[in-house]
Amino acid sequence: DAYTIPFAAAIDPGMPQPATVDLLAEPGVAIIGSDAFRSALTRTLLVEATTLHGPADLEIAIMTEPHRCADWEWAKWLPHIDRSGRPAISCQPIDIATWVSSTTNVAASAVEGRITLLVIDGPALWNRTDSPLRDLVVRAPAHVRMLALCPARRDAPASCTVSITESAPDGARIEHFGSSKSGSTVLPALTEVSVAEDVARSMSSLVDLEAPDAAHDSSVDVRV
């Protein structure tokens, strides 16, 4: 399927191989567990998604906190990172608010057939009344899909429809919120920073001629 992203080997008998996440079907995916697990699995999903889809079809935006901004430095090489002048990897509330405003106000025709995959690195970015992503998480535009990195299940936004939760040893559990079916156990691929950066760098010089900003400047703004 168009936006079905593989990320793990299935363990449970009868489960399709590989285990996947469907970005068209799932408005939000909660990635739950330790900091190392959340970051590594998100790197896997981003590497897989950007390898399978060009910038004309997939835009990446990463929202994090100032003390974690350096953790996402590798992603600046991805050609899928937004290059419209908005902060591509945002760590400050004012920059996040700017991105939210421009994303929610974009015309539907401008993003037809395109998905924006938003990484939310930390519950504080959305779960307080003054959090910069709160309104977007509650009422996300139709083209936005979220990867919400959460220390615990209680931190997952209500807009998430599926969770991938760390389990020992080296496994994870996939569950669909509101489903009567039991979850499935998988063996996730956890990508190291060096591997993710190598992949991103290898794609950095590629130009997707179908992308609306293909002719624009390719510099990326990382706000710290």
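1. β2 is the top contributor to the lining of the largest pocket, giving four residues. Strands here are DSSP E runs of at least two residues and helices are H or I runs of at least four, numbered from the N terminus. A pocket is an open set of points on a 1 Å grid over the protein atoms alone, with protein on both sides within 12 Å along at least five of seven lines; lining residues have an atom within 4 Å of a point.

2. A caveat on the source: this is a predicted model, with local features needing pLDDT of at least 70 and side-chain atom pairs pLDDT 80 or more, while totals for chains, interfaces and linings use all residues. Numbering runs from 1 along each chain as its sequence is written, and side-chain values use heavy atoms, without hydrogens or water.

3. Of the 20 lining residues, Met15, Thr20, Glu26, Ile174 and His176 lie nearest the centre.

4. There's also one cavity of 30 Å³ or more in the whole structure, where a cavity is a set of points that a 1.4 Å probe fits but cannot get out of. The largest cavity holds about 40 Å³, and its lining is Ile5, Val21, Leu23, Leu45, Ala49, Leu117 and Leu147.

5. Overall, the chain has four helices and eleven strands. Contacts (heavy atoms within 4.5 Å) with a separation of 6 or more come 68% from residues 24 or more positions apart.

Methods: Points joined across faces, edges and corners; volume = space filled by probe spheres on them.
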